[in-house]
Every structure is written in structure tokens, then in C-alpha cells.
Amino acid sequence: MRGYSNKRRRSKRTGMIIAGLHNGKRRRRNRRDNIEMAVMMLVTVVLLFFSVRAVYGLIASQRSPDVAKVSGTDGAGLGTEGFNMVQGDIVTLAENIKDQVDDEPEPEDNGILIVIDPGHGGYDNGSNIDGIYEKEITLEISFCLAEKLNELGYRTLLLREDNDTHLFPEERVEEAENAKADAFVSIHLNTYEDDTSVSGIETWYYEKADGSSELARLVQKAASKATGGRDRGLKEAKDLIVVRDTTMPSCLIETGFLTNKAEREALMSEEYQNKLASGIAQGIDEFINTQNIGRENGESGTGVSLR
């Protein structure tokens with residue numbers, strides 16, 4: 001594939017809600033599998049060592065019992081009781097580690113749905129600077145954002161999960177409406193070829209939509225702070241269908257300029273994408289909390305930190 005390499009590229013679009021912290025669970029499951037594999041390898045190495053030692057002790061005791069006893073490798077010593085004792089300790093340690101991993105608490109699903117719209121897709125590449133396609137980077141940031149929101153207890157719906165799917169703006173709005181989303185965030189990248197030194201983050205909203213200006217303000221503030229990028233402020237949109245025609249609070253964030261070389265390189269990096277996603281998620285979470293969306297009895301906050 002040309003251009004930016006999409007490390008999370010999906011083979012097809014599922015069009016389904018990532019329900020109940022799907023991405024967060026998958027990451028914890030992978031972490032648990034890695035820990036269990038490491039423990040198993042440790043147990044195998046230790047047991048192999050003492051098995052060889054025990055065999056050597058038995059052979060040595062047959063040849064020269066006195067020498068074997070002095071060296072501590074006699075078959076009646078470490079080769080049997082010592083071996084069994086170490087084996088038992090290692091197995092107990094492995095079981096304790098596994099139990100601790102299995103007991104890791106799952107984030108509570110707060111029932112709030114956030115629709116994430118990765119800009120462009122399919123034959124619509126978006127901006128293309130030196131073979132770097134906007135559609136690929138917006139998808140990477142969107143995957144990362146979904147994971148951050150899942151960690152905070154939110155349900156998420158990605159409007160596309162690969163770079164081959166194309167959706168018209170009206171279709172994006174329709175999917176968000178059908179899903180009865182609580183908020184909608186569209187991810188895009190900016191360009192300005194007349195001056196490649198221009199950089200920074202800006203967020204667009206439709207002024208007549210309830211809650212959208214506040215959502216945009218909090219997302220813009222948190223994303224700029226998390227990345228250290230230039231804060232270009234809020235922009236009012238009148239012709240952006242995805243924020244104009246959605247009935248839930250909505251915003252469109254331009255996460256940076258592909259025409260700026262330094263910012264382009266940052267946007268391609270996993271580290272910067274992670275910072276962007278963390279900031280956007282923080283802004284969404286703050287908006288949900290301040291608006292008391294989906295909260296009962298005045299409860300606010302998810303009680304989970306992104307950092």
C-alpha cells in the first residue's frame with residue numbers, strides 16, 4: 001500500500017458498535033497472555049535447570065558418592081527433595097501472578113455512546129502530502145481515541161474501520177443518529193500550502209446545535225494541552241454536514257497540518273497520536289461530566305485517569 005503504513009488496518013468494515021469496552025478488554029487480554037507466557041518460560045527454564053542438575057547428581061553419586069555429596073549434587077539431596085521444593089515454589093509463584101492479572105478490575109460501562117468519525121476513506125484520500133494520506137492518519141488517531149474512551153468506560157462506534165470504506169457525510173450523520181449517540185467527534189487533518197510554517201489544532205462546531213460549542217471548546221483545550229501544539233481556537237461551521245445535521249453535541253477537530261513538515265512527522269508517530277487521543281478523550285469526558293449526560297443522582301466523573 002502506498003503512503004503511510006496503517007498498523008491497525010482492518011480487512012473489512014464491521015459497522016458495529018464496539019460495545020462494553022471491547023478495545024480495553026482486548027489490550028488487557030493481550031497483556032495477560034504476555035505475562036502468562038513469560039511466567040511459563042521462567043518455570044520451564046528453572047525446571048529444566050534443576051532437572052539437569054538432578055540427573056547430573058544421580059550420575060555423580062553412582063561414580064563417586066563422596067564427590068557428589070561434597071559438591072551438593074547427590075541424587076538424594078537437591079535431586080529429589082530440593083527439586084520438588086523449588087518446583088512447588090515456582091508453580092505457586094506462577095499461580096499467584098496469574099491470579100493477580102485475572103483479578104484486574106474491568107472499567108465500568110457507563111452506557112454512554114460516543115461516535116468517532118475518521119475523516120475521509122475509500123477513494124477519498126483527503127489531503128495527500130508526499131504520499132501521506134489524511135485518511136490513514138485519521139483512522140489511526142480514531143482507533144487510539146476509541147481505546148482511550150473505552151478505558152474511561154464509554155462505548156464507541158467507529159464509522160469506518162479500514163481505509164477502503166467510503167462514506168458520504170449524510171451517511172455518517174445517519175449512522176450516528178441511528179445509533180442514538182450521546183456525542184459525535186470527527187477527526188481530520190489540515191493543510192495550508194501557501195505557508196507551510198502554519199501549524200496547530202483547531203476545532204469546528206455548528207453554533208445552533210445545543211452543547212456543540214462547549215464540546216468543541218473542551219476538546220480543543222484538552223487536545224492542545226496534551227500535545228503542546230499551537231491552539232488555533234474554535235471555528236464556527238455552517239456548511240460542514242457532519243456537525244450541522246447531527247442532533248447530538250458534535251464537533252470536528254483538525255488535529256494538525258500535513259503541510260507543516262514537523263507537524264506531519266509528529267502526526268505520523270504513535271507517540272503523538274496517543275497524546276492527541278488522550279487529549280480528545282479528556283475533553284469529551286469533561287464535557288459529559290459537566291453536562292451530566294447519562295449520570296444519575298448527580299454523579300459525575302468516571303474515576304479513571306487517562307495518564
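Let's start with Cys251, which is buried, at a relative accessible area of 0%. Bear in mind that this is a predicted model, so every value here is computed from it.

**Cysteines**
- Cys144 is also a buried residue, with a relative accessible area of 6%.
- Both count as buried because the cut-off for that is under 20% relative accessible area.
- How many disulfides does the structure hold? The count is 0.
- For orientation, a disulfide is a covalent bond between the sulfur atoms of two cysteines.

**The sheet**
- There's an open sheet of 6 strands, and reading across it you get β4-β1-β5-β8-β6-β7, with mixed pairing.
- At the edges sit β4 and β7 (231–236), each of which pairs on one side only.
- On average, neighbouring strands in this sheet are turned by 20 degrees against each other, ignoring direction.
- As a reminder, strands of a sheet pair through backbone hydrogen bonds, either parallel or antiparallel.

- Is β1 (residues 113–118) mostly covered or mostly open? It's mostly covered, with 6 of its 6 residues buried.
- That goes for both faces: Leu113, Val115 and Asp117 are buried on one side, while Ile114, Ile116 and Pro118 are buried on the other.
- With β4 (residues 155–158), β1 pairs in the parallel sense, over 4 bridges.
- With β5 (residues 183–190), β1 also runs parallel, and 5 bridges join the two.
- Val115 is a handy landmark here: its bridge partner in β4 is Leu157, and in β5 it stands opposite Phe184.

**Helices over the sheet**
- Which strands does helix α5 (residues 169–178) lie across? Helix α5 lies across β1, β4 and β5, and runs at about 165 degrees to β1.
- Helix α8 (residues 261–268) lies across β5 and β8 (250–257), running at about 120 degrees to β8.

Key:
Residues numbered from 1 in each chain as written. Predicted model: local features only at pLDDT ≥ 70, side-chain atom pairs only at ≥ 80, totals over all residues. Heavy atoms only, no water. Buried < 20%, exposed > 50% of the residue type's maximum accessible area, 1.4 Å probe, protein only. Pairing = 2+ DSSP bridges. Axes fitted to C-alpha atoms, helices over the stretch in contact; angles between N-to-C directions. Contact = heavy atoms within 4.5 Å. Disulfide = S-S within 2.5 Å.
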